[in-house]
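Here is a short note to read alongside the model. Take the points in order, and keep the structure open while you go.

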Amino acid sequence: MRADDMASSAGVGPVFVMDVERGKPTVQLGKVMQLLKEAGIELVVELPQDIAEQAKRSASKGANSARVQSLLSAMFSRRSNKA
């Protein structure tokens, strides 16, 4: 599939596809996910056990975006502290 066709199918522009291909650090994750889906690529994220359990509990309670943000912040701050 050509880049222009993939961009159109994923609902993004060809410039965005080129930015992703070049590794631009500020691309939007949601749009990247659209491109991956269109290319038939599944992105799998493995969370640390405690964060995964919290995420499951939050999902079962209908977590809002603030709760999800809190879980992600905890995960990333823990990773940076290990470095």
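1. **Confidence.** Confidence is lowest in helix α5 (residues 65-82), with a mean of 66, and highest in α2, at 89. The score here is pLDDT, the predictor's confidence in each residue, from 0 to 100. For the protein, the mean pLDDT is 79, and 78% of its residues reach 70 or more. Where pLDDT is low, the predicted coordinates should not be read in detail.

2. **Ground rules.** This is a predicted model, in which local features need pLDDT of at least 70 and side-chain atom pairs count only at pLDDT 80 or more, while totals for chains, interfaces and linings use all residues. Residues are numbered from 1 along each chain as its sequence is written, and side-chain values use heavy atoms, with hydrogens and water left out.

3. **Overall fold.** How many helices and strands does the protein have? There are five helices and zero strands, so the pattern along the sequence reads α-α-α-α-α (helices, H or I, have at least four residues and strands, E, at least two; both are DSSP runs, numbered from the N terminus). Of the contacts with a separation of 6 or more, 33% join residues 24 or more positions apart (contact means heavy atoms within 4.5 Å).

4. **Surface and burial.** The accessible surface of the protein is about 6,400 Å², and 54% of that belongs to carbon and sulfur atoms (areas come from the Shrake-Rupley method with a 1.4 Å probe; for residues, only the protein chains shown count as cover). Buried residues make up 17% of the 83 residues. Buried means under 20% relative accessible area, exposed over 50%, and partly exposed in between (1.4 Å probe, protein chains only).

5. **The core.** Which residues form the largest nonpolar core? It has eight: M6, A7, A10, V12, F16, V17, V32 and L35. A nonpolar core is a set of buried Ala, Val, Leu, Ile, Met, Phe, Trp, Tyr and Cys residues joined through side-chain atoms within 4.5 Å. The elements giving two or more residues to this core are α1 (3-10), α2 (14-21) and α3, and α1 gives the largest share, three residues. In soluble globular proteins, nonpolar side chains tend to be buried together.

6. **V17 and A3.** Setting aside neighbours within four places in sequence, V17 is in contact with A3, A7, V12 and L35. A3 is found in helix α1 and is partly exposed, at 34% relative accessibility. A3 and L35 lie 32 residues apart in sequence and 10.0 Å apart in space, C-alpha to C-alpha.

7. **The salt bridge.** The structure holds one salt bridge, in which the side chains of D19 and K24 meet (3.7 Å, N to O). The cut-off is a side-chain nitrogen of Lys or Arg within 4 Å of a carboxyl oxygen of Asp or Glu. D19 sits in helix α2 and counts as buried because its relative accessible area is 18%, whereas K24 is partly exposed at 41%. Not counting residues up to four places away in sequence, D19 touches K24 and V27.

8. L29, M33, L43, V45 and L47 make a nonpolar surface patch of about 460 Å². Patches are made of residues with over 30% relative accessible area and no salt bridge: like charges are joined within 9 Å, nonpolar side chains (Val, Leu, Ile, Met, Phe, Trp, Tyr) within 5 Å. L29, in helix α3 (residues 29-38), counts as exposed because its relative accessibility is 60%.
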